[in-house]
Amino acid sequence: MSMTRLFYALGMLFLAFVLEHLPLPPIIDWFQPGWILLVVTVLVLVTPEVAGMWLCIPLGLLLDIEYSAPLGLNVMLMAVYIGMLQLLYRRLYLFNILQQAATIFMLVLGVQVLRYWAMVVLIGDPRPVMLLTPAALTALMWPWVYAVGYVVLQRIR
Amino acid sequence: MWLDQNTSYLKPVRYAIGYVLVPPQKIALAPQSVIYWLGDSASSREKLMKQNDQLRSRNFILENKVQRLAALEVENMELRKLLSASTKVQDDVLITSVTAVDPDPYTQQIIIDKGGSDGVFVGQPVLDAHGLLGQVIDVLPFSARVLMIADNNHAIPVQVNRNGVRAVAVGTGSLSQLDLIYVPNTADIKVGDTLISSGLGGRYPAGYPVAEVTTVENIPGESYATIHAKPTAHLDRSRHLLLVFTHDAGRVPPVELWQDKS
């Protein structure tokens, strides 16, 4: 594992956390793609030797604290997401960018549905969860984030 | 997840992880702070002088009111002594600023820039200049999450300032409306009545303005009236808030006494 790649990977994750926190004016406050999921996807696809299942613990815990969710909820969701990415790794690599975006849409949608079920089953909190908007925005942002992430991570290969 | 929801063993872990989130939070909020700073710096001299005049006259009026309030407070204490009632002490407050608003449209929560290091605690009441805004639900070292009274998971015991009629005001998910539930059709509540916190339940201190009644509907055949109220606090605009440190505020009876056993 190259230390430079690890450093860049951590830098990208830090930036994703900054973007997740970024306050937006009311007119565009609906624009909240899953920045962390996007960066995790890039890292798992481009640098599988650096980013793997281990990411789910630190990232999941940080997301739990950030969103005041029960400790472990985002760890579980992140583990499912990374696990699915690793399963679909070869296919995703062969897909064109639109097919990749569609796959990411389905994965993020799946994560949101799981989040809702987990809240209902484990905590008994039937609070509604946004399903389509985060999935659609994440898929929409995927080509741009992938292009930037790919360029950055390939340059240091 | 179960442990975190039902016990307090993981609270220190949660609190410690909060330290890791401080740098990205600070960096993310930097553009907002710069915009506020630029906005404040770019004000013209004339505008500042006008604002200064307005503030001076407002200060004068408020000082006048405070003088009257001091006399009333003494009188109130004397009357309480006559009635052998306990003396109500003045609340300690801490000023804080809103740093972020939760973008989830199904919750009405905000993040403030004071946390555990400033003595903030879960359940602490939060006010703005106009009334009660909500309560702290999660505390990190340098920030805290506040659930606003308009959240549909929130309810607050209130009473009508005019006649003392008690009710429960629940959030509707809309920042401009609270609903009063289980109010009988015969209750004396009118449009324009001010609702203040009653202090029942022990979570909020008594006597702070909560909302103003906007509509009262008495539907024949229904047991309860449909009453809507508008929060007096500026839930969508206030930037500066007050955290209240009252002796009894934010304290509720032990969980086993009020939690549903079924």
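Reply: The following account treats the ring pairs and then the barrel. This is a predicted model, in which local features need pLDDT of at least 70, side-chain atom pairs count only at pLDDT 80 or more, and totals for chains, interfaces and linings use all residues. Residues are numbered from 1 along each chain as its sequence is written, chains are lettered from A and ligands numbered from 1 in the order in which they are written, and side-chain values use heavy atoms, with hydrogens and water left out.

Over all chains, the structure holds 9 aromatic pairs (rings of Phe, Tyr and Trp, the last by its six-membered ring, with centres within 6.5 Å; planes under 30 degrees apart are stacked, over 60 edge-to-face, the rest tilted). B:F121 and B:F245 form an edge-to-face pair, because their ring centres are 6.3 Å apart and their planes stand at 70°. B:F121 lies in the loop between β2 (109-112) and β3 (125-127) of chain B, and B:F245 in strand β12 (residues 240-245) of chain B, so the pair ties together parts that are 124 residues apart in sequence. Strands are DSSP runs of E of at least two residues, numbered from the N terminus. B:F121 counts as buried at 17% relative accessibility, whereas B:F245 is partly exposed at 25% (buried is under 20% relative accessible area, exposed over 50%, partly exposed in between, with a 1.4 Å probe and protein chains only). In chain A, A:W142, A:Y146 and A:Y150 form one aromatic cluster.

In chain B, 6 strands close into an antiparallel barrel in the order β6-β7-β8-β11-β10-β9 (two strands pair if DSSP finds at least two bridges between them). Within chain B, strands β9 (residues 194-197) and β10 (residues 209-217) run antiparallel and are joined by 3 bridges; B:I196 has B:P209 in β10(B) as its bridge partner.

Technical notes: Helices (H or I, at least four residues) and strands (E, at least two) are DSSP runs, numbered from the N terminus.
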